[in-house]
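Please look over the notes below with the model open. They cover helix packing and domain layout.

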Amino acid sequence: MSVTYGREDATVRALVEASRRLLPGDTIALCGPSGSGKSTLLHVVAGLVPPTSGHIRWPGLDPSVPLRQQIGVVFQAPSLIPALSVVENVELPLLLHGSSPPAEARDLALAALRDLDLDGLSAALPEEISGGQAQRVAVARVLAARPRLICADEPTGRLDLDHALMVTNLLLRAASQLGAPLLVATHDPRIADRLGTTWPIADGRLAEEPR
Amino acid sequence: MSSMLEGLHHHVAWISGTTRRRRGRFLAAVAGVALTVTTLAFLAMFISASRATMTDRAAASVAVDWQVALDNPADTARVTDTLTARGGVTAVDPVEFLNARGIEATTGGTRQVTGKAAVLGLPATYRRDFPDAIRTLVGSDTGVLLAQQTAANLHVEPGQEITLLWGDRPTTVTVTGVVELPQADSLFQKVGAPPQSQPLAPPDNVVLMPTALAHKLATGSGVTPKVQIHVALTGTLPADPASAYAATLADANNLEAELAGSVRVGNNLGAALDAAREDAAYSQILFLFLGAPAAVLAGLLTAVVVGSGEDRRRGELALLRLRGARRRTVMTLAAAEAACVGVVGTLAGVGAAMLAGRFALHSVTFGATSKAGIVWLVAIGLVGFLTAQACYLLPTVRDLRALTVADSRRQFGATRTPNRYAGLVVAMILLVVSGLVFWATSRSKYALVLAPEGVPKLSISYWAFAAPALLWIGAYLLTRDGGSVALRYARRPLTMVLAPLNRRITSTVVAGVIRNRAVIARASTLLALAVAFAISAATFNSTYAQQSEVDAQLTNGANVQVVLPPSGSASAPAAEQRIAQQLDAIPGVRRVEPLQHRFAYVGNDLQDLYGIDAQTLPTVTAFQDAYFQGGTADQILTRLRGTPSGVLVSAETVTDFNLSLGDHLKLRLPDATSGSLRPIEFTYVGVANEFPTAPKDSFLVANASYVADQTHDPTAGTFLVDTEPGQERAVADAARSALGTSAAVTDITQTRGLIGSSLTAVDLRGLTRVELVLAALLVLAAAALVTGLQLAERRRTFAIAQVLGARRRQLVNLAISEAALTSAIGLIAGGIVGWAMSHMLVKVLSGVFDPPPASLAIPWAYLTTIALATLAAIATASAVAARLSASTTVADLRDRD
């Protein structure tokens, strides 16, 4: 599949004829320099951006459930809703999906926070916590929603190495707990090394062979 | 030099970049400044136009511009020559004033004798030179003319003889006409005397005759005349009443100096302009006060538009600082952006105001003089420029003070909820003070008062403006801070209200609303103020128009008034019957109602007496409760109808004669049988403050049937005619044509141009039209901008929710919930504030209404249209925002990466 941005003479080919298979239990690092197309590929996999040509299939997902409810996404920028507290942010996907009644959603959110040692922050607002804590909360939100596929777009881009490794470990733990494949876009080889496989990407083209 | 050029280049690049990248926000800020400027510029034009109107009206209201009193009648020729030679003088007529001991007449076998009388000798050119000084009611325009009241007292009509009792030889003359002297107060003023020495009323008995005849009769009787020279001036006066007053005063002083003290100038034109200049000063404050909230609101909207990019701007500032930009550089960048918005907005605003002025006022003059115009334009330009600067610089200064590097990484839309309790306390204090000032100012009853020269003049305290001003500020703070505090504790009601729309995520939506309460309350406040302005402006203007119409109808009695000349003949009732039938037959006439007009003595005081049918009179003329004391109009008229001998008197008469309800009162009225005054017993049943066609001072109202029985005279003398809407002038013309010179016919369209002071006579329609359009624009702008911008600020939140799996309907409901809540608070608060403001404005400015309104005139059609348009604007803005929200992409989450 390919993705092209822009129109007519100002087009940018962000992804060129990429073709890969992602299996349960896979932990993939999508690795490349800035502008290489790794985020684009990740967004296509996450169902956030449709391919311009070609197609993508999710045979492992339940076709009767909306795609967004089965794929958990963590972004580089803090993606918490500023007006909601930490626990409200974590329970939000459950409420939006309607998969759990409010009380149960709250319990699941608290459990996810507890799992990541964040239960002390449950009442805090996003602006009251650090960047590292915010990313951990984003991971907790994915964990609570129990997705079948986890995509993380530069989740450690704004963190120091210690915090970056901590968040990566948490993502791996979540993927392991849920049995979901994990796809992480990163330009940091130290993060990529923690994952099972690396898909190198440059100029929108995936390398022939994974590492 | 090169660093300067480099700096300039950076500034241009910055402005070019920000205007291109955020074109919508830039244009909205320009529109906000333009709206502020348009409001002020249009007000300047309206004030300028209304001042010129006041000058014209004051000049037009004066029948004789100057009455030059001569100390020595022998100087008449010299002074006349001097005046004729002066520039700006169009007519000079010497008038002789003679005094008689009384006038005697014998009619119908009875003899009537009056008290002192004034006899005026007029030159043949007088009626042509001073056409508004004398109005012929019946008979000839020339010869011996009797004032209407004199004719009534003597029961004399044209063709009959009267005897002037003067000097040592009474002289008999034949009456050729009966006239009205519309400006008798100024005609009989004591020229040069201070106001407290002026006569309380003009003489009851007046005879006018040609100068030659007066001279001959007076000389033969040994009576010495006093001479006044009446002067008409050219109408070329400065447009501003104050300048016109100063010019005419200087001219009059110059004449007195030129004639070395041998004359005293009764400056009627100066007196009228003096009143007009005071009204003009007041009107300037009044019109600014009525329009200023619109300008302030437009400024606030601009601030909201500029402030809506607060987080983004804060991030940019932090980055600029991080990359080495000095505070001064940051400030000059903000100032340059503001200057761009200010200049474009000001030019657009002045242009829009000129267009509005051309259409609404047919004038694009900014000041009464060119100097004033320049001052206004500079002031307006400064306001536009400073509004833009304040909107951009104040947040920049605030951000620079508090900015940290962490801000460059701060989340978008982070909730900052300031402490609102302090503002709430200030709001309560302001509202209480506003209430107290309102109570104090509305207790003193402002009213039109008559100056000695007979020129209506306003007496109003400027303090009256304090209460509404405090209410505006208090309402602003109360809605903003009270709304914020109320939302904080409104989790349960919010849940109840929002649950049907948001179902499972209600608690989350409510939590978001509560944390965003400051933003929601601020948006609601702007909407509330815009709605309140629309309501109060529309209601005030509508009530003003209503009262102008009431005033016109009060003065003219009904749509058309027909006054018959006094007649003592036995055939008069039959003649009146025929006239009534003639009037009734005119197309467009709905009803003809007779109104008796007599004169009655209360003790020694001669008052107008109106005999009415209290049941049918309200069908031809509108009665307001304010016309009476001690009950509604309906109650008082019912009481009068229920008491055949009942009489309504003025409050002054009640005080003077110490009357209590049910007291018997003996009035002396002319008896048709005996021809002399006859005491008739009446019963005091109530107080009338105003009555159709009645003078502003004392008068009496009684049952016509009782008056007719007791005086043996069933004639009415006046007919009030109700017409189909828009037919007033046509019916009046037809009546004139049918009745000839035997009746004086006036219609309400003529009266509208003659009533009230110069202020109440200002035609507010131009201001009203533009004010209502501005109010509508402000409400729509507030509704759409506030809702749209508020939701645009949530774009990132919607993007996150979408990534987390929110369905389109959930996103739309989320957007609608917040918009609906903002609108509901804004509309409800705006309705309450608008209602309170309307009442307060009408009450404290009751002086500009004559008579004061019994109730507010609420323009439901306009307000309903505004409400529907507001809801449509909010719905459209919400729909657009919701659509944008639903189409948010992952790019919205990467906006700052």
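**Notes on helix packing and domains**

1. Start at the contact between chains. In α2(A), E88(A), E91(A), L92(A) and L95(A) meet T508(B), A511(B) and R515(B) of α17(B). Contact here means heavy atoms within 4.5 Å. By class, this contact has 3 nonpolar, 1 polar and 3 charged residues. Ala, Val, Leu, Ile, Met, Phe, Trp, Tyr, Cys and Pro count as nonpolar, Asp, Glu, Lys and Arg as charged, and the others, Gly among them, as polar.

2. The model is predicted: local features need pLDDT of at least 70, side-chain atom pairs count only at pLDDT 80 or more, and totals for chains, interfaces and linings use all residues. Residues are numbered from 1 along each chain as its sequence is written, chains are lettered from A and ligands numbered from 1 in the order written, and side-chain values use heavy atoms, without hydrogens or water.

3. Now the geometry of that pair. Helix α2 (residues 86-97) of chain A packs on helix α17 (residues 506-515) of chain B at about 140 degrees, with the axes 11 Å apart. Axes are lines fitted to C-alpha atoms, for helices over the stretch in contact, and angles run from 0 to 180 degrees between N-to-C directions. Helices are DSSP runs (H or I, at least four residues), numbered from the N terminus.

4. Within chain A, helix α4 (residues 131-145) and helix α5 (residues 161-178) have axes that come within 10 Å and cross at roughly 5 degrees. α4(A) is therefore roughly parallel to α5(A) (angles under 35 degrees; over 145 is roughly antiparallel). Q135(A), R136(A), V139(A) and L143(A) of α4(A) make the contact, with residues of α5(A) including M166(A), L170(A) and A174(A). The classes are 8 nonpolar, 2 polar and 1 charged.

5. In chain B, helix α8 (residues 241-258) and helix α9 (residues 268-307) pack at about 155 degrees, axes 8 Å apart. That makes α8(B) roughly antiparallel to α9(B). P241(B), A242(B), A244(B), Y245(B) and T248(B) of α8(B) meet α9(B) residues, among them L269(B), L273(B) and R277(B).

6. Chain B has domain 1 (1-63 + 272-410), domain 2 (64-271), domain 3 (419-556 + 761-897) and domain 4 (566-742). The bounds come from an automatic or database domain assignment. The C-alpha centres of domains 1 and 2 of chain B lie 57 Å apart.

7. Domain 1 of chain B puts 17 residues in contact with 19 of domain 2 of chain B.

Note on methods:
Helices (H or I, at least four residues) and strands (E, at least two) are DSSP runs, numbered from the N terminus. Angles under 35 degrees count as roughly parallel, over 145 as roughly antiparallel, 65 to 115 as roughly perpendicular and the rest as oblique.
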